[in-house]
Amino acid sequence: MAGRQKEKEMPDEVHQNQILRELYLKELRTQKLYTQYHVNPLRKVHTITRKPMSWHDNLEEPADEKFLNLIHHAAQGPRKKYPETETESQEIGWYSEPLVSPERDDYRLNHFRVYNDITLYKAKLWSLGEDDRHT
């Protein structure tokens, strides 16, 4: 049999104040006040058109060089930003120059499609969507 449960005692004002103080101090430890804001260079920037009849949007303002440099740096490709790869997946395709020069006259590497009479006929037949299989 379950015994009779005690009624939960409500903490008095001193204990309640101590609980609230600990909660307040814990919140202050985890909060961080940000005062400097900047554009995330990893996100694409979407421009918003201005309102044509607004007088404050039509004022000429000096260009912010730091902001423009940040935007231009974010728009560059990774090979122009970094001297070497940052991640393992960037290693694939980092050196994109071909190992062998692509000479079109070298028939050892280039196997071009050669058409003669029968292959021209079949290519034309297949391009028209006709099927020559016997079913």
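Modeller: Take Glu84, which sits in the loop between helix H3 (78–81) and H4; helices here are DSSP runs of H or I with at least four residues, strands are runs of E with at least two, and both are numbered from the N terminus. The model is predicted, so local features are given only at a pLDDT of at least 70 and side-chain atom pairs only at 80 or more, while totals for chains, interfaces and linings use all residues. Residues are numbered from 1 along each chain as its sequence is written, and side-chain values use heavy atoms, with hydrogens and water left out.

Glu84 has a relative accessible area of 55%, so it counts as exposed; the cut-offs are under 20% for buried and over 50% for exposed, with partly exposed in between, using a 1.4 Å probe on protein chains only.

Asn40 belongs to the loop between H1 and helix H2 (65–75). From Glu84, Asn40 is 44 residues away in sequence and 22 Å away in space, C-alpha to C-alpha. Asn40 is partly exposed, because its relative accessible area is 38%. Between Asn40 and Leu70 the sequence separation is 30 residues, and the C-alpha to C-alpha distance is 9.3 Å.

Just after H4, Gly129 has a positive phi of about 90 degrees.

As for confidence, the protein chain has an average pLDDT of 81, and 91% of the residues score at least 70; pLDDT is the predictor's confidence in each residue, on a scale from 0 to 100. In the protein chain, H4 has the lowest confidence, with a mean of 85, and helix H1 (residues 13–30) has the highest, at 93.
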